[in-house]
Amino acid sequence: MASEAPIQCSIVVESKPSAMSDPCRQILAVMREKGFSKDDVFAVHLALEEAFLNAVKHGNKMDPSKTVTIDYAIDPEKVEIRIQDQGSGFNPQTVPDPRVGENLYRPEGRGLLLMSAYMHVFEYNERGNGVHMIRYKDRPIPAPGDAGQV
Amino acid sequence: MAAIQPRVSVEYREGATVVAFTDDKILEDTDVRALRESVEAVIEQAGGLHLVLDFRHVRFLSSAVLGLLIRISKRVSEQGGQLKLCNIHPGIYEVFKITRLTNVFEIYEDVNSATQSFSDRQ
């Protein structure tokens, strides 16, 4: 039977892509323990990796003196995650839709779309250097055509 | 460090070159870069290449891998070749659908149907 007690944690990690491995493993293990489905685990895994890579590469610009803070709370109904970098932030509204026209053939720009598609709540803070995401247990994602509202 | 790099296996079948990604997760920039080098080496060896990328082992990938596939597709096309994808796990296929890359790539159920599709066009 899945544990009912909520788990909360705050982790500060270095600005390097491999630094996400341990926190990610930790979060996904708690999800499995609390009875989240494979689809839920896949969705959160994808969003975690994309959000963290954005924070390291575009936020902190790989600056080793900067850090990324990961806060998460997992209860039997949902996973809530905040990832914040120390960069100057950005406006997600300015990121072009990668599904439209010639953007479809550009190699970059699909991370935000995937995060917004796989998480039920996906929003940036005002400065644009922190993302807040929620995935509810066993709630299907919208049809692909409806995804992508960031 | 070579042991942690993603690997590819290459097989030649019915006039096509089948490149299988052998890692189940492709995430970091270093993974993607190593894959790009491996696949580009195959592409450079032959013009007019019939290339099949086999995803049978892949259970997880990042958006950077999607970018890599776009790059590979362009490179194959520049060389006068054709690219097909196959054996994509349902979870990964969903990623292709969300990003509408199902409109960009020809995706087949398995290696046989992918290789067969080249001869169907000739």
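In strand β2 of chain A, Q8(A) has A73(A) as its bridge partner. The model is predicted; local features require pLDDT of at least 70 and side-chain atom pairs pLDDT 80 or more, whereas totals for chains, interfaces and linings use all residues. Residues are numbered from 1 along each chain as its sequence is written, chains are lettered from A in the order in which they are written, and side-chain values use heavy atoms, without hydrogens and water.

Strand β1(A) pairs with β2(A) (residues 67-74) in the antiparallel sense, over eight bridges. Strands here are DSSP runs of E with at least two residues, and helices are runs of H or I with at least four, numbered from the N terminus. Two strands count as paired if DSSP finds at least two bridges between them. The chain A sheet is open and holds five strands in the order β1-β2-β3-β5-β4, with antiparallel pairing. Strands β1 (7-14) and β4 (121-124) of chain A stand at the edges. Each has a single partner strand, so one side of each lacks a neighbour in the sheet. From one strand to the next, the twist averages 10°. Helix α1(A) (residues 21-33) packs on this sheet and touches β1, β2 and β3 (78-84) of chain A. The direction of helix α1(A) makes about 5° with that of β2(A). Helix α3(A) (residues 111-118) lies across β4 and β5 (130-136) of chain A, at about 140° to β4(A). Axes are lines fitted to C-alpha atoms, for helices over the stretch in contact; angles run from 0 to 180 degrees between N-to-C directions.

Chain B also contains an open sheet of five strands. Their order is β1-β2-β4-β6-β7, and the pairing is mixed. Strands β1 (8-13) and β7 of chain B form the edges; each has a single partner, so one side of each is left without a neighbour in the sheet. Neighbouring strands are turned by 25° against each other on average, direction ignored. Helix α1(B) (residues 29-45) packs on the sheet and touches β1, β2 (16-21) and β4 of chain B, at about 175° to the direction of β2(B).

Strand β6(B) (residues 82-86) is largely enclosed by the rest of the structure, because four of its five residues are buried. Buried means under 20% relative accessible area, exposed over 50%, and partly exposed in between (1.4 Å probe, protein chains only). Five bridges join β4(B) (residues 50-54) to β6(B), in parallel. H50(B) stands opposite Q82(B), and L53(B) is partnered by L85(B). Three bridges join β6(B) to β7(B), again in parallel. There L85(B) has I107(B) as its bridge partner. I107(B) is partly exposed, at 24% relative accessible area. Its contacts (heavy atoms within 4.5 Å) include L85(B), I88(B) and F96(B). The C-alpha atoms of I107(B) and L53(B) are separated by 9.6 Å, at 54 residues apart along the chain.

The largest nonpolar core has 40 residues. Such a core is a set of buried Ala, Val, Leu, Ile, Met, Phe, Trp, Tyr and Cys residues joined through side-chain atoms within 4.5 Å. L51(B), L53(B), F55(B), I72(B), L85(B) and F96(B) have the most contacts inside this core. Helix α2(B) (residues 63-78) gives the largest share, seven residues. A second, separate core has 32 residues, among them M20(A), A47(A), F52(A) and I70(A).

Between the chains, 24 residues of chain A contact 24 residues of chain B. The buried area is about 2,100 Å², of which carbon and sulfur atoms give 68%. This is the accessible area (1.4 Å probe) that two parts lose on being put together, summed over both.

Terms used:
Lists of a residue's contacts leave out its neighbours within four places in sequence.
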